[in-house]
Amino acid sequence: MRVAVIGGGPAGLYFALLMKGRWPSHEVAVYERNAPDSTFGWGVVFSGKTMSNLRAADAVSHGRISESFETWDNVDVVKGDARVTVRGNHFSGIARLRLLNILQGRCDELGVRLHFRTEAAGVEEFADADLVVAADGVNSRVREQLAGHLRPALATGRNKYIWYGTRQLFHGLTLTFRESDAGLFAAHSYKFDKATSTFIVECDEETWRRAGLDGMTDEAAREYLA
């Protein structure tokens, strides 16, 4: 059986390694438009339940992912000088690029063929495949191409957010709320390795416009939010 996976993100790579691991005789290939060391975003977070599922599905990749994890069980909610801590929430964070490299390595061990810097325009390129898996993200070309058959339902939210990385370490998932003349801002922050945290700032569209962020440069917006 020939299997073609379009998209080499976590979903595409994990599907490929599970397929090849269970049916070694299958020919499994992944086609990714970017380089193996390219990614978008900072950290990826898994819940305790998700990690249990990963362990059951493939213990080898689970073990390697766990070795690179930063873990916590607290959620801190901060408003002004007040902080409320809620324990018993089991989460783990890992750098997205590190996760991709682990999954790439596991695919390579199992015999999955990885094609990087390979743009797939549509499913017609894989006419010789028995199964084509579309794992090409939220702006999937395959889903758009087959919209009449798949009938996808997509909804776009109105909130604005910006995704930063910072060297300040947040020990646990921290939700920080700040009020300004423009409106309310919320920050979602958590560490995903021993040196870096994700820091996402979010607000509604009205606050975004009142603050003038719709006309600011990236540098000006960073200074404003700081």
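Q: What makes S12 and strand S13 (residues 197-203) a pair, and in which sense do they run?
A: This is a predicted model. S12 and S13 share six bridges, in the antiparallel sense. Pairing needs at least two bridges, so the label holds. Lys191 stands opposite Ser197 in S13. Five residues lie between the two strands of this hairpin.

Q: How do you know that S11 pairs with S12, and how many bridges join them?
A: Six bridges join S11 to S12, and the two strands run antiparallel. At least two are required, so S11 and S12 count as paired. The hairpin of S11 and S12 has four residues between the strands. There, Gly183 takes a positive phi near 145 degrees.

Q: Why is S12 called mostly covered?
A: Six of the eight residues of S12 are buried. Buried means under 20% relative accessible area.

Q: What makes the contact of Lys191 and Glu70 a salt bridge?
A: The N to O distance between their side chains is 3.2 Å. The cut-off is within 4 Å, so the pair qualifies. Lys191 belongs to strand S12 (residues 184-191) and Glu70 to strand S4, 121 residues apart.

Q: Are Lys191 and Glu70 buried or exposed, and how do you know?
A: Lys191 has a relative accessible area of 12%. Glu70 has 9%. The limit is under 20%, so Lys191 and Glu70 are both buried.

Q: Why is the contact of Lys79 and Glu179 called a salt bridge?
A: Their side chains meet at 3.1 Å, N to O. That value is within 4 Å, so the name applies. Lys79 sits in strand S5 (residues 75-79) and Glu179 in strand S11 (residues 173-179), so the pair ties together parts 100 residues apart in sequence.

Q: Which accessibility labels do Lys79 and Glu179 carry, and why?
A: Lys79 has a relative accessible area of 48%, so it falls between the two limits and is partly exposed. Glu179 has 61%, which is over 50%, so Glu179 is exposed.

Q: How do you know that Arg158 and Glu205 form a salt bridge?
A: The N to O distance is 3.2 Å. The limit is within 4 Å, so the pair counts. Arg158 lies in the loop between helix H6 (147-150) and strand S10 (160-166). Glu205 lies in helix H7 (residues 205-210), 47 residues apart from Arg158. At 17% relative accessibility, under the 20% limit, Glu205 counts as buried.

Q: Which residues are linked in a network of salt bridges?
A: Arg158, Glu205, Glu206, Arg209 and Asp214 are linked in this way. A search of the whole structure finds 15 salt bridges.

Q: What makes S3 and S4 edge strands?
A: Three strands form an open sheet in the order S3-S7-S4, with antiparallel pairing. Strand S3 (43-47) and strand S4 (70-72) each have a single partner strand, so one side of each is left without a neighbour in the sheet. The twist averages 25 degrees from one strand to the next.

Q: How many bridges join S4 to strand S7 (residues 91-95)?
A: Three bridges join S4 to S7, and the strands run antiparallel. The rule asks for at least two, so S4 and S7 are paired. Trp72 has Phe91 of S7 as its bridge partner.

Q: How many disulfides does the distance rule give?
A: The count comes to zero. The rule requires a pair of cysteine sulfur atoms within 2.5 Å.

Q: Why are Cys107 and Cys203 labelled as they are for accessibility?
A: Cys107 is at 0% relative accessibility. Cys203 is at 6%. The limit is under 20%, so Cys107 and Cys203 count as buried.

Note on methods. Residues numbered from 1 in each chain as written. Predicted model: local features only at pLDDT ≥ 70, side-chain atom pairs only at ≥ 80, totals over all residues. Heavy atoms only, no water. Axes fitted to C-alpha atoms, helices over the stretch in contact; angles between N-to-C directions. Buried < 20%, exposed > 50% of the residue type's maximum accessible area, 1.4 Å probe, protein only.
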